[in-house]
Amino acid sequence: MARTDLLMPKMGESIMEATILKWVKNVGDKVEEDETILEIATDKVDSEIPSPVDGVIKEILFKEDDIVEVGKVIAIIETEGEESETIPSAAAEIEKEIEAIQAEVNETPEPVREASPAISVPTPAAAKSNGKGSRFYSPLVKSIAAKENISIAELDNMPGSGAKGRVTKKDILSYVKNRGTITVQQTAPVSAPVEATTIIASKAAKGNQSGTSIDSSGTEIIEMDRMRKLIADHMVMSKHTSPHVTSFVEADVTNIVNWRNANKNLFVEKYGEKITYTPIFIEAVVKAIKDFPMINISLDGDRILKKKDINVGMAAALPSGNLIVPVIKNADYLNLPGLTRAVNDLAGRARANKLKPEEIQGGTFTITNVGTFGNVMGTPIINQPQVAILATGAIRKKPAVVETEFGDVIAIRQMMYLSLSYDHRIVDGFLGGSYLRKVADYLEQFDHTQTV
């Protein structure tokens, strides 16, 4: 008999650790290749880990709720054969990731500091380990802490947005950038604001499961689940990072509505897919990005990163009420049937919690359909590190002025509002407004004579 070591996989860019949520298989169970063995959670997504081989679970090395670094052996599978096999280690990737983050920290320009109330923290030596406390710090976090001379006490008081309140790469990099606003004193106790965030982090560290309780006044208290905490942190970070501006236009989408009503059954017959308005909206978004490529960018300090690929994220509501944003990669290479298939596939697997980590990463622009909830318009929050997000409102019949060769007439038309929130650090009103108008133009110019 041979053995295969199952390693904690690298679940996407910057992911250095994961929490074991549930073992689907136990010691002694037979498994087939690609059969799910366990479920894990990272700071970005929950995922199922399949078996790489056919065999029997010989040993399980970590318990549920354990936090495991990428590349560590988490289980041993006994297989037929003479030689043992090990899934390649991710250690080299981890080292590269650490070096890249250290370089990122070193290159980050020092921001201009404004006077602010002092927050007192103790100052022991720089963090080189997890200390005597029970809080876990990944090798990446510890490496950045040591590089930036961040003490154990500072780490212990740092609020974390990761699972169970862990400090993530994003948390410590944000702390490094804003560290100048914290005045360090040797003997004074930690002030109230830091204590409050520490209490929040401590509560988050108790677990990912949401719970409810009733206080003395009869008010129901509902604990946020892990995903809601991550969403909350991401939204606050986005508003803190980008000065948001929102522009609005109204579009006449009568041709789109009439074409879809006439062709939706034929579309299903030919392609096996139900066509919604979302792929049509994405098609217009992509065309407009080609006209205004400076919407398809991100900002890194003082550097503008102009993206070659057009990867469109689409906000999708989950049955739990939470939100996730799967990404259609290289959307500019897909025609309308291709976009329809991609939209339906990602939306369906999002609702079933079957998305892969890489399918929610790498977006360069996001669209959210607030019309699904009957809303006529919205002011969405930018999905960092992108610089713009489009909201599409509900389509409603309205009287409108229509220009004809015989003069203007009032007619009943299918109208909708589009709103674009954009980062005013780098996208000004001319670019944001022009891009939004171009999206509306493409929707209004939709060819209603095209065949399925």
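**Exercise 1. Work out whether Trp-259 is buried or exposed in this predicted model, and classify its pairing with Phe-446.**

*Solution.* 
Step 1: Start with the accessible area. Trp-259 has a relative accessible area of 3%, and the cut-off for buried is under 20%, so Trp-259 is buried.

Step 2: Now the ring geometry. A pair of aromatic rings is described by the distance of the centres and the angle of the planes. For Trp-259 and Phe-446 the centres are 5.3 Å apart and the planes sit at 70°. Centres within 6.5 Å make a pair, and an angle over 60 degrees makes it edge-to-face, so edge-to-face is the label here.

Step 3: Trp-259 belongs to helix 7 (residues 254–271), while Phe-446 is in the segment after helix 10 (429–444). The model has 4 aromatic pairs.

**Exercise 2. Find where Asp-447 lies and how far it is from Asn-255 in sequence and in space.**

*Solution.* 
Step 1: Asp-447 is in the segment after helix 10.

Step 2: Its relative accessible area is 38%, which makes Asp-447 partly exposed.

Step 3: Asp-447 and Asn-255 are 192 residues apart in sequence, yet their C-alpha atoms are 7.5 Å apart in space.

**Exercise 3. Which aromatic rings have Arg-260 and Lys-438 lying over their faces?**

*Solution.* 
Step 1: Arg-260 lies over the face of Tyr-277, 4.8 Å from the ring centre.

Step 2: Lys-438 does likewise with Tyr-442, at 5.7 Å from the ring centre.

**Exercise 4. Decide how the buried residues of helix 6 are arranged around its axis, and what covers them.**

*Solution.* 
Step 1: Check the helix itself. Helix 6 (residues 226–241) has 16 residues and spans 22 Å from first C-alpha to last, close to the expected 22 Å.

Step 2: List the buried residues: Arg-226, Met-227, Leu-230, Ile-231 and Ser-238. They cover an arc of only 135° around the axis, so they are on the same side of helix 6.

Step 3: Recall the helix rule. An α-helix has 3.6 residues a turn, so residues three or four places apart point the same way.

Step 4: Look at both faces. The cover over the buried residues includes strand 4 (36–41), strand 5 (46–50), strand 12 (244–252) and strand 17 (323–324). On the face turned away from the buried side you'll find the exposed Val-236 and His-240.

**Exercise 5. How many of the 14 residues of helix 8 are buried?**

*Solution.* 
Step 1: Helix 8 reaches 20 Å from its first C-alpha to its last, close to the 20 Å expected.

Step 2: The count is 10 of 14, so helix 8 is largely enclosed by the rest of the structure. Among the buried ones are Pro-279, Phe-281, Val-285 and Ile-289.

**Exercise 6. Where is confidence lowest and where is it highest?**

*Solution.* 
Step 1: Get the overall picture. Mean pLDDT for the protein chain is 80, and 77% of its residues reach 70 or more.

Step 2: Helix 5 (residues 192–204) is lowest with a mean of 34, and helix 8 (residues 278–291) is highest with 98.

Step 3: Where pLDDT is low, the predicted coordinates should not be read in detail.

Key:
Residues are numbered from 1 along each chain as its sequence is written. This is a predicted model: local features need pLDDT of at least 70, side-chain atom pairs count only at pLDDT 80 or more; totals for chains, interfaces and linings use all residues. Side-chain values use heavy atoms; hydrogens and water are left out. Rings of Phe, Tyr and Trp (its six-membered ring) pair if their centres lie within 6.5 Å; planes under 30 degrees apart count as stacked, over 60 as edge-to-face and the rest as tilted. Helices (H or I, at least four residues) and strands (E, at least two) are DSSP runs, numbered from the N terminus. Buried means under 20% relative accessible area, exposed over 50%, partly exposed in between (1.4 Å probe, protein chains only). A charge sits over a ring if NZ of Lys or CZ of Arg is within 6 Å of the ring centre and within 35 degrees of the ring normal. pLDDT is the predictor's confidence in each residue, from 0 to 100. The expected span of a helix is 1.5 Å times one less than its number of residues. The arc is that of the directions from the helix axis to the C-beta atoms. Contact means heavy atoms within 4.5 Å.
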